[in-house]
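Subject: Structure for you to look at

Hello,

Here is the structure I promised. Please open it next to this note; my findings follow below.

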Amino acid sequence: MTMAATVRTVLSFARSTSNTFHNPTQISNSLYTLSSSRPHFSTSSSSEDDFGEISDDKFKKWKNGGGVFHETSCIDTTAFIDVGAVVHSECVVGSNVRIGSGTVVGPSVLISHSTKIGFNVSLSNCSIGDSCVIHNGVCIGQDGFGFYVDGDGKMIKKPQKLNVIIGNNVEIGANTCIDRGSWRDTIIGDNSKIDNLVQIGHNVVIGKNCMLCGQVGIAGSATIGDYVAMGGRAAVRDHVSIASKVRLAALSCVTKDITEPGDYGGFPAVSIHKWRRQVASGFAVRGV
C-alpha cells in the first residue's frame, strides 16, 4: 500500500473509532495525482501555506506533552508531543510515539508506533516505520538536488514530488538528510542504521540491515542492496548499483556498479586486495 493510501485508510479508521486516536473533526480537501505508477498527494488546507506555516486557529495544544497539532491530524492518545513541537494537517501518529521539542511534522506524514523522534527534526513527504529512532536535527523529505540547464543557460529546478519511506527499526543519526524522490520514492530498508551527518540523495533505495558510518554521501538514484556496510566518508555516485553483502572501506568512492559481494576500497573502489596492492605500490614508489 502506498503512503497516500495508508494515510487515507488510517484516517478513515480513526474517524470510525472512539478511543484509540484523537478523532479529526474537519478534514481538508486532498488533491491526489498519479506520477508514473505511484500516487502522491498534497493537501489544500486553508490553514497552511506551501511551507506549512501556521496561519489560523486550527492548531490545538496536545494534552500529553504540550506541543501543538492540527485538528485534522490523527494522533494516538499514548503519543507524547513535547512543548515546541508541531504536527501539521492530516498526519498520522501511532501509539507510544515520542516527538521532541522543536520538531516539525509536515502535512500528511505517517509515523508508526513506538518511534522516537529527537529535537529539531524536520519531517515532510515521508512515512516512518515502527520502532525507529530519529536523532536530533535530522531532515527527511525535503526536495532533492535536481536541476537542468535550459536553452538560455539558466538552471531550472526539476520537480521533486514523491516521498521518503523509512522501514521498521531504522536508526538515523543527528543532522542526517534524506531527500524525497523525483521519479521513485527514496527508501530505507528495515533494520538499517545510519550514522550522523549522512547525505542520501533523491530516489536512493537502500536495502535491509545496512550500516552507513558518519559523513557517507550517496548521490541520487543509487541502489544499495541488503547487508551493505560503508565506512566513514565513503561516497557513491549517482545511478550506481551495489550488490548485497558489500563492505566499503572508509574514504572509498564507488563510481560504477558493484555486482559481487565482498570488500572494496579506494577511489575508484576496487576489490580490497587490489586496493591494498595499489597502496603498497604507492609507498614503494615514494620509497616509504
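Predicted model: local features only at pLDDT ≥ 70, side-chain atom pairs only at ≥ 80, totals over all residues.

In what order do the eleven strands of the open sheet run? The order is β3-β4-β7-β10-β13-β16-β21-β24-β27-β30-β33, and the pairing is mixed.

Strand β7 (residues 86-87) runs parallel to strand β10 (residues 104-105), and two bridges join them. Val86 has Val104 in β10 as its bridge partner.

Now the charged pairs. The whole structure holds four salt bridges.

Among them is Lys157 with Asp143, at 3.3 Å from N to O. This pair connects distant parts of the chain, 14 residues apart. Lys157 lies in strand β18 (residues 155-157), while Asp143 is in the loop between β16 (139-142) and β17 (147-149). Lys157 is partly exposed at 41% relative accessible area. Asp143 is also partly exposed, at 35%.

Arg247 and Asp263 form another salt bridge, with their closest N and O atoms 2.8 Å apart. This one also links distant parts of the chain: Arg247 is in strand β32 (residues 246-248), Asp263 in strand β34 (residues 262-265), 16 residues apart. Asp263 is partly exposed, at 30% relative accessibility.

Shared partners tie Asp143, Lys157 and Arg180 into one salt-bridge network.

Then there is Arg237 with Asp238, at 3.8 Å between the closest N and O atoms. Arg237 is partly exposed at 40% relative accessibility. Asp238 is partly exposed at 32%.

Best wishes

Technical notes. Residues numbered from 1 in each chain as written. Heavy atoms only, no water. Pairing = 2+ DSSP bridges. Helix = DSSP H or I, 4+ residues; strand = E, 2+ residues; numbered from the N terminus. Salt bridge = Lys/Arg side-chain N within 4 Å of Asp/Glu carboxyl O. Buried < 20%, exposed > 50% of the residue type's maximum accessible area, 1.4 Å probe, protein only.
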